[in-house]
Amino acid sequence: MEFFVAQILTGLANASSLFLVACGLSLIFGVTRIVNFAHGSLYMLGAYIGYSLMQVLPGMIGFWGAILLAGVIVGVIGVAIEMLVLRPVYRAPELFQLVATFGVILVIQDLALIIWGPEDLLGPRAPGLRGVVRIMGEPIPKYDIALLVITPLVAVALWYLITRTRVGVLVRAATQDREMVGALGVNQAWLFTGVFALGSALAGLGGALQLPKGGADLMMDFNILPPLFVVVVVGGMGSLPGAYLAAIIISVLNVFGVAYMPQSTLVLMFVVMIVVLMIRPYGLFGREEVAGEHGQAGEPERPIKPASDKIRLLVTAGIVILALLPLYGSSFAQVLTTDILIFCLFAASLHFLLGLGGMVSFGHAAYYGGGAYVAALLVTHAGSPMELAFILAPLGAGLAALVIGWVCLRLTGVYFAMLTLAFAQLLWSLVFQWGTVTGGDDGLINIWPAEWLKDTTIYFYFALFFAVGGILVMRHVAHSPFGYALRAARDSERQAEATGINTKQVQLLAFGFAGMMGGLAGALFVFSKGSVFPNELEIARSFDALIVVFLGGVKTLSGGVVGAGVFKAIEDVLTRFEYWRLIMGLLIIFVVILAPDGIVGSLRKAARRVGGLKAGGEE
Amino acid sequence: MTAILETRGLTKVFGGVVAVKDVSFQLHKGELLALIGPNGAGKSTCFNMLMGQLPVTSGDVYLEGERITGLTPRQIWRKGVGRTFQITATYASMTVIENVQMALMSHHGEILRFLPFATRMHRDEALALLDMVGMANQAERHSAVLAYGDLKRMELAIALAHTPKLLLMDEPTAGMAPKERVALMQLTADIVRDRGVSVLFTEHDMDVVFAHSHRIMVLNRGELIAEGNAEQIRNNPMVQDVYLGGGTVFASEGAQ
């Protein structure tokens with residue numbers, strides 16, 4: 001019993017900063033409709049800035065002052081991000097802002113590295129709260145007690161702000177109907193900036209507040225994202241009480257998980273999330289998103305056409321040039337091109353789902369990494385020949401996608417996206433924590449291709465065949481009746497259903513198909529590298545594909561492939577520099593602001609302006 | 001003769017509010033039947049129950065004598081019921097003809113085909129449908145750039161793709177210019193005459209209703225309060241009361 005109470009208290013204390021950060025994310029999403037991936041980075045900045053301030057500000061007042069100041073400073077940084085990076089892209093297509101926030105993540109990662117160095121920083125203990133108190137005989141750190149008191153106070157203050165003040169009325173109104181609020185004369189731009197500042201400040205506070213418990217390190221930004229998204233989704237998007245309750249549930253669960261089932265702590269969180277969403281699809285306190293009947297946001301996509309003879313000739317020429325690479329390129333160039341081809345296939349599979357299907361998956365790495373792991377596990381544990389593993393990998397990934405898709409497709413919009421992310425993280429945690437089978441963090445090694453494929457050049461041709469083949473197959477499917485039905489379901493589910501199209505079935509099949517193609521990319525990957533590690537399943541991998549698809553252009557058939565090719569090539573050049581993330585991040589932000597239609601979309605627009613492209617033409 | 005569409009005691013209760021109460025009517029072959037009533041009378045609720053978008057609280061819907069209560073919109077469509085929406089629902093990323101081809105592919109059960117090029121399927125059939133609604137000359141245009149009236153006509157072509165025996169039109173002329181309204185309803189009347197389709201439509205514009213419908217039903221507060229031809233409805237004191245609190249506008253309009 002004593003132990004039980006102590007565990008609960010620890011869980012409640014841990015919930016504190018998670019709640020603050022989640023509130024910020026929820027607020028920002030509610031008003032601006034931006035899923036701020038950089039929120040974890042703001043949390044990390046809060047911790048680092050708080051740490052530096054605590055070094056110079058003395059005593060108890062200095063400590064708490066540092067925490068507050070960290071919040072304020074991060075709030076100001078949030079304002080800068082909102083005004084410089086997000087404002088120019090509010091009018092861009094739905095979710096395009098994600099890419100911008102991802103650029104911000106990269107920039108902040110390197111800035112933090114430059115300023116605070118690579119070492120983990122041990123957080124200072126709170127002056128006057130260093131010891132423990134005994135509650136029912138169990139030692140509880142005094143700082144935990146302080147957190148237990150602070151969190152409800154902040155929660156009530158926020159609740160008061162949102163429900164009782166004029167600012168709160170505006171925020172709630174904007175959450176319900178942005179356009180109407182604008183029409184009533186509220187300056188939306190400043191409302192957005194204000195909310196972004198508040199949300200960022202909360203993230204900063206959360207980061208600084210957890211310093212005595214967790215310190216500051218460079219992994220904080222990504223590490224907080226999974227629990228953060230889980231809390232926001234379980235609680236219900238935009239609900240403060242929901243975020244509070246969910247933060248507590250997740251934190252308490254985590255504490256008990258560590259005590260009783262240390263092998264499954266990570267998995268547990270996602271299982272809870274999935275269970276909650278199965279019962280209450282919009283979270284504990286969330287309301288169903290009122291999805292408009294607009295299909296895609298922004299300018300509608302242009303009609304697609306089967307490739308003309310001219311295009312076919314160009315594509316064939318391109319493939320021939322690629323195929324001749326061994327004649328003029330080094331062995332290194334072949335390896336690099338193999339990497340690019342695999343990534344193009346992976347990105348194209350996400351593009352199929354996201355562009356044609358309108359299904360924004362935040363967790364597409366599940367199928368890429370999943371395919372890689374299926375192959376690796378078959379080789380390692382079943383002694384399967386490479387050829388068999390290579391065939392079964394996409395099928396396994398496709399099957400996983402069908403199961404995951406079946407659950408996720410009950411939801412729409414951002415909940416759908418979050419749920420796909422949760423499933424990807426679930427797979428990642430399974431692989432990460434189930435070391436005896438998957439090798440855990442050490443990965444699986446010695447997964448080499450069959451004897452006849454050992455040669456770099458031959459494997460290059462192997463990858464070329466399957467990557468280009470896969471991309472062409474997806475492209476063809478896009479032009480088939482099935483591909484049209486998929487777009488129909490995206491454009492107007494109402495009309496599609498009213499004319500006999502089973503939209504959910506079509507979407508589920510597309511999900512499985514895209515998963516299978518992602519799995520194919522993963523299988524190509526694992527045999528080209530000879531090993532696979534859990535990071536092929538992690539959030540960053542899913543984000544890579546998302547960025548590429550958005551940068552290439554969602555509303556163009558070739559967007560995914562072009563984006564992937566460009567991105568991977570640039571990345572390869574940049575990673576030779578020490579602070580490549582900074583450059584890459586700035587580059588991404590730059591492209592987002594200058595070319596909100598993506599690379600292909602913007603090129604086409606420019607071409608049309610010049611008059612070189614007939615109206616209605618596809619690439 | 002069995003009616004094309006028949007409802008018996010159709011009722012919908014939302015919480016404590018009775019939105020539609022005991023509505024029974026028949027729609028006969030080749031008939032153009034209007035369902036009118038003030039805002040909030042329950043027209044859309046009625047429609048949504050007929051189309052399977054809303055479960056009924058009680059009562060039944062029959063299509064040519066076959067009970068279709070509780071079927072999904074997809075199943076009802078397969079039984080030969082087409083519909084157009086109050087707010088157009090079309091595939092904005094496709095051309096006009098592709099919008100129609102999509103419905104044709106669905107009708108022919110070809111949604112799960114992965115090999116053929118969709119643009120080459122049922123082109124002639126789609127063109128014929130577009131020709132019928134006067135949109136053949138715009139077949140290759142991007143549907144997102146169409147004028148609203150043209151969009152409505154395209155939607156009509158989509159709804160006619162599976163040669164339905166019954167067409168349900170929810171406020172077909174809402175948001176259109178007066179000239180377009182007349183044209184669209186004339187088109188609908190022609191289709192009813194030429195193809196033997198039966199049509200049930202809701203409408204706010206009384207000119208449209210009186211000029212084009214064969215028979216009119218009036219819904220008020222969820223209940224059918226009157227039924228008859230244009231003349232009977234115009235002169236029905238209950239209807240006048242509901243619409244104008246006893247005014248005489250209908251009578252003067254009737255002189256045209």
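Predicted model: local features only at pLDDT ≥ 70, side-chain atom pairs only at ≥ 80, totals over all residues.
Helices here are DSSP runs of H or I at least four residues long, strands are runs of E of at least two, and both are numbered from the N terminus. With that in hand, look at the loop between β3 (444-445) and α20 (456-479) of chain A, where you'll find N446(A). Residues are numbered from 1 along each chain as its sequence is written, and chains are lettered from A and ligands numbered from 1 in the order in which they are written.

Back to N446(A): its phi is positive, about 60°, although it is not a glycine. Is this residue buried or exposed? N446(A) counts as exposed, because it has 9 C-beta neighbours inside 10 Å. The scale goes like this: 20 or more other C-beta atoms within 10 Å means buried, 12 or fewer means exposed, and anything in between is partly exposed, with C-beta atoms placed from the backbone.

Chain B has a positive phi to show as well: D22(B), not a glycine either, has a value near 50°. D22(B) sits in strand β2 (residues 17-27) of chain B. With 15 other C-beta atoms within 10 Å, D22(B) is partly exposed.

Now for the sheet in chain B. It is open, has 6 strands with mixed pairing, and runs in the order β6-β7-β8-β3-β9-β10. Pairing here asks for at least two DSSP bridges between two strands. Why do β6 (81-84) and β10 (223-228) of chain B each have a side without a neighbour in the sheet? They stand at the edges, so each has a single partner strand. On average, neighbouring strands of this sheet are turned by 20° against each other, direction ignored. Angles come from axes, lines fitted to C-alpha atoms (for helices, over the stretch in contact), and run from 0 to 180 degrees between N-to-C directions.

Inside the sheet, β3 (residues 32-36) and β8 (residues 198-202) of chain B pair in the parallel sense over 4 bridges. L32(B) stands opposite V199(B) in β8(B). Helix α5 (residues 148-159) of chain B packs on the sheet and touches β6 and β7 (166-170) of chain B, its direction making about 165° with that of β6(B).

Finally, the interface: 34 residues of chain B are in contact with 30 residues of chain A, where contact means C-beta atoms, placed from the backbone, within 7 Å. On the chain B side, α3(B) gives the most, with 6 residues.

Conventions
Contact = placed C-beta atoms within 7 Å.
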